[in-house]
Amino acid sequence: MVENQTKKTFFAGDTLMKEGEIGHAAYIIESGQVEILVDRGNNKLKIGTRGPGSMVGEMAMIDDQPRTATVRAVEDCEVIEITREDFEGWIENADPVLKMTMHVILTRYRDMLKKSFFSSVKKTGVEETEKQNDLHDVALNAIKMRNELKEAIGSDLVLYYQPIVDIKNRKIAGFEALMRWMHPEKGMISPGAFIPIAEQSGLIVEMSRWALEEACRKVHDFKEVINSDIRSDDPFYISVNFSVRDFATPDFFDHFQETLKKTNTSVDQIHLEITESLFFEQPALASEALTRCHEKGLNISIDDFGTGYSSLSYLHSFPVNTLKIDQSFVRSMLHKENSYTLIRSIIGLAENLNLKVIAEGIEHQEEATALKELNCQKCQGYWFARPMPEADVLTFLKEWAVPDF
Ligand code: C2E
Ligand code: CA
Ligand code: CA
């Protein structure tokens, strides 16, 4: 290797950086090719190559975690070195928010690389991993997906709706809005595949705002066609899912209110669904935002209840109205005594705390009957109806016959 201040030359076969070692610099390749290798047992697995214009080892500019890969020159290479000191110099006068953001991004990036790498190794076996697990491609794919997703808001994102059935009177109480991405080439993509990227990139905020406004408009349309014989007496509503990131935006509540006002929607026509993670990831924000929502009369449901946080203490610290029992408990309630007991306990807890309960994932009549006997108030699941596009909701509402259970 030949050094000249920030410029370095590596000869074919030289190692630029080694997996596991603490890194102090990144390199921008000016000429030549390098290969990226990861240790797999006694072997080194090649996961990609890099040429002129690429940067390698960039994470070392920001923290001193061990290198996640080895980089070796396959041809003689000219590179520009950027040390951590150089980098720190550039950002020394930067805004503290920028510095903090860089650390947050870096942590997420590392987590994402780990998750993507290991999940694809498990699924595809080592032979196929070579191409897929190019670490940079993973990041690039996430960026590409995020950009496509941004374009999709307002055109290719749609809401599907699943009815929520009032058990006592066997009528429709409302719908849950569930997002789908109608990708022009890949077809319909389910939220499990794109919501995590939307959450990581922060795009979720824009998406949730779009979903809220869409739901506010649709609640009027649906209410207009729903036959009073099948409509529950309580105010008809659409329930919208929100993520922790939504609550981290300072104008979350103001925007929420503005949307209701703009669409002429009353607070009882929209319910919010959030998961328990909000309470321990952002307790201060959660408390403030939920208190404001509660003061205005908004209904807040805890989604996937029972799967997340181990402490129930938040139930008395935060103003929530409804517990949505996770579908995993419902799925096993008729075969596993523990699941049945757990559901009965959640319903008892809710009764004592004056909360409502919705059970999710009802796929069989027997589950609906058992939940009715347990005094569960509302149900949702494929047995009643699968989530459906808006056009089908209108037909569904005109034709639906109440199932017997
Ligand atoms: P979730 O909020 O718990 O929604 C319930 C999921 O269970 C939905 O999956 C629904 O289609 C599915 N489901 C309903 N009934 C049954 C049943 O009887 N059996 C089974 N096996 N599944 C049933 P989906 O639509 O794929 O959504 C998955 C998750 O993605 C949602 O889970 C929610 O966490 C998230 N998500 C969906 N739409 C949005 C959104 O607009 N915003 C946010 N932040 N997250 C969303
Ligand atoms: Ca939900
Ligand atoms: Ca759920």
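**Note on the predicted model: pocket, calcium sites and aromatic pairs**

1. The largest pocket has 37 lining residues, with Glu176, Leu178, Pro191, Asn241 and Asp303 nearest its centre. Elements that contribute two or more residues to this lining are β10 (157-166), β11 (171-183), α4 (191-201), α5 (204-225), β13, β14 (270-275), α8 (277-281) and β15 (299-305). Helices (H or I, at least four residues) and strands (E, at least two) are DSSP runs, numbered from the N terminus. A pocket here is an open set of points on a 1 Å grid over the protein atoms alone, where a 1.4 Å probe fits, with protein on both sides within 12 Å along at least five of seven lines; lining residues have an atom within 4 Å of a point.

2. The volume of the largest pocket is about 950 Å³. Volume means the space filled by probe spheres set on the grid points, which are joined across faces, edges and corners. The lining splits into 16 nonpolar, 11 polar and 10 charged residues. Nonpolar covers Ala, Val, Leu, Ile, Met, Phe, Trp, Tyr, Cys and Pro; charged covers Asp, Glu, Lys and Arg; the others, Gly among them, are polar.

3. Conventions. This is a predicted model: local features need pLDDT of at least 70, side-chain atom pairs count only at pLDDT 80 or more, and totals for chains, interfaces and linings use all residues. Residues are numbered from 1 along each chain as its sequence is written, chains are lettered from A and ligands numbered from 1 in the order in which they are written, and side-chain values use heavy atoms, with hydrogens and water left out.

4. Confidence. Mean pLDDT (the predictor's confidence in each residue, from 0 to 100) is 86 for the chain, and 87% of the residues score at least 70.

5. Which protein donors hold the calcium ion (ligand 2)? They are Glu176 (OE), Asn241 (OD1), Glu273 (OE) and Asp303 (OD), at 2.2 to 2.4 Å. Glu176 in strand β11 and Glu273 in strand β14 are 97 residues apart. Both Glu176 and Glu273 are buried (under 20% relative accessible area; exposed is over 50%, partly exposed in between; 1.4 Å probe, protein chains only). Donors are N, O and S atoms within 2.8 Å of the metal (3.2 Å for Na, K and Ca); water is not among the atoms, so sites may look incomplete.

6. Asp303 bridges ligand 3 and ligand 2, which lie 4.3 Å apart. Asp303 is buried at 8% relative accessibility, while Asp304 is partly exposed at 27%.

7. Aromatics. The count is 16 aromatic pairs. Rings of Phe, Tyr and Trp (its six-membered ring) pair if their centres lie within 6.5 Å; planes under 30 degrees apart are stacked, over 60 edge-to-face, the rest tilted. Phe279 and Phe318 are a tilted pair, 4.5 Å centre to centre with 40° between the planes. Phe279 sits in helix α8 and Phe318 in the loop between α10 (314-317) and β16 (322-325), 39 residues apart. Phe279 is buried at 3%, as is Phe318 at 9%.

8. Trp383 and Phe384 are edge-to-face because their planes lie at 65°, with ring centres 5.1 Å apart. Trp383 is partly exposed at 25%; Phe384 is buried at 6%. One aromatic cluster consists of Tyr161, Phe175, Phe222, Phe236, Phe396 and Trp400.
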